[in-house]
Amino acid sequence: MAEQRIKLNKMRKLIGENMRQSTINNPRTAGSVQLDFTELLELKAELAENGHKVSDTAFFVWAIAAALQGHPNLNSRLEGDEMVLYDSINPGIAVDTPKGLVSLTLRNTEYKTLLEISESFRDLMHRMKEGRLTMDDYTGSTYTISNMTRSAVQFFTSIINNNECFIIGFGGIHMAPVALDDGTVAVRKVCYMTINANHVLVDGMETDYFTEKLCQILTHPRTYFEKEQH
């Protein structure tokens with residue numbers, strides 16, 4: 001039987017070693033929820049009509065920053081036997097590149113509106129394509145997002161990055177029947193969101209409260225977006 005052997009490049013070896021250490025050092029608890037993204041996608045389309053092209057990732061960064069305001073313990077990382085709390089919310093965004101998966105950092109998202117976050121993320125992606133990123137763009141994240149909303153994969157789990165408190169993943173957006181508040185059933189655009197949390201830093205209930213707030217923002221984003229416009 002013929003076989004081919006390919007030596008792992010430095011990037012793949014580094015990613016593999018980091019992920020191996022993470023699974024050893026960070027006992028993980030995971031939870032998933034199905035989100036109705038119909039309103040979010042409607043708002044996204046309306047913003048595009050008005051000249052504001054906002055990506056799914058920008059919506060996620062914006063919503064998570066708002067939800068973390070009431071749960072600062074989740075904006076942390078494990079360092080030895082200490083919990084390091086951050087006063088800024090800096091998401092690391094997993095990006096697939098020809099050289100492998102990297103995490104790029106947006107900074108100080110707690111101070112930014114949805115449209116400001118969208119502009120910052122667009123600038124980050126533009127600089128990446130032009131090869132103008134600096135070391136600051138790769139470091140300093142306080143949690144990580146993995147966005148696969150354009151993928152056929154609807155549900156997945158992730159490995160915690162850089163001893164952070166959590167990594168949050170969004171699966172492929174798809175059509176599914178949803179029970180509405182009035183008891184009727186409609187076909188809606190939905191997405192599975194999965195949070196993998198570091199059980200050393202946070203317990204299940206606090207993660208659950210954070211998840212509930214995040215779900216509220218993502219399923220009814222118009223309410224929160226209109227508030228920040230006034």
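**View 1. Helices α3 and α4 are oblique to each other.** The model shown here and in the views that follow is predicted. The two helix axes approach to within 9 Å and cross at roughly 125°; because an angle counts as roughly perpendicular from 65 to 115 degrees and as roughly antiparallel over 145, this crossing belongs to the oblique class. The crossing of α3 past α4 is right-handed. On the α3 side the contact is formed by Thr57, Ala58, Phe59, Val61 and Trp62, which meet Leu114, Ile117, Ser118 and Phe121 of α4. Sorted by class, the residues of this contact are seven nonpolar and two polar, with no charged residue among them.

**View 2. The second largest pocket draws part of its lining from α3 and α4.** Helix α3 (56–68), strand β4 and helix α4 (114–129) each contribute at least two residues to the lining of the second largest pocket. This pocket has a volume of about 350 Å³, and 16 residues line it, with Thr57, Ala94, Phe121, Met125 and Asn147 lying nearest its centre. Two of these central residues, Thr57 and Phe121, also take part in the contact between α3 and α4.

**View 3. The largest pocket is lined by 31 residues.** Its volume is about 870 Å³, and the residues that lie nearest its centre are Met19, Leu101, Val102, Ser103 and Asn161. Helix α1 (10–25) and the strands β4 (91–97), β5 (100–105) and β6 (143–147) each supply at least two residues of this lining, and the largest share, eight residues, comes from α1. The lining of the largest pocket divides into 17 polar, 13 nonpolar and one charged residue.

**View 4. Helices α2 and α6 are also oblique to each other.** The axes of α2 (residues 38–49) and α6 (residues 221–228) come within 9 Å, and their crossing angle is roughly 40°; since angles under 35 degrees would count as roughly parallel, and the perpendicular range begins at 65, this pair is likewise classed as oblique. From α2 the contact includes Glu39, Leu40, Glu42, Leu43, Glu46 and Leu47, whereas α6 provides Pro221, Arg222, Thr223 and Phe225. Within this contact, five residues are nonpolar, one is polar and four are charged.

**View 5. Leu85 is placed in strand β3 (residues 82–85).** When neighbours within four places in sequence are left aside, Leu85 is in contact with Pro72, Asn73, Asn75 and Ser76. Pro221, which belongs to the contact of α2 with α6, is 136 residues away from Leu85 in sequence, and the C-alpha atoms of Leu85 and Pro221 are 27 Å apart in space.

Terms used: Residues numbered from 1 in each chain as written. Predicted model: local features only at pLDDT ≥ 70, side-chain atom pairs only at ≥ 80, totals over all residues. Heavy atoms only, no water. 1 Å grid on protein atoms, 1.4 Å probe; cavity = no way out; pocket = protein on both sides within 12 Å on 5 of 7 lines; lining within 4 Å. Points joined across faces, edges and corners; volume = space filled by probe spheres on them. Helix = DSSP H or I, 4+ residues; strand = E, 2+ residues; numbered from the N terminus. Nonpolar A, V, L, I, M, F, W, Y, C, P; charged D, E, K, R; others polar. Axes fitted to C-alpha atoms, helices over the stretch in contact; angles between N-to-C directions. Left-handed = near helix turned anticlockwise from the far one by under 90°. Contact = heavy atoms within 4.5 Å.
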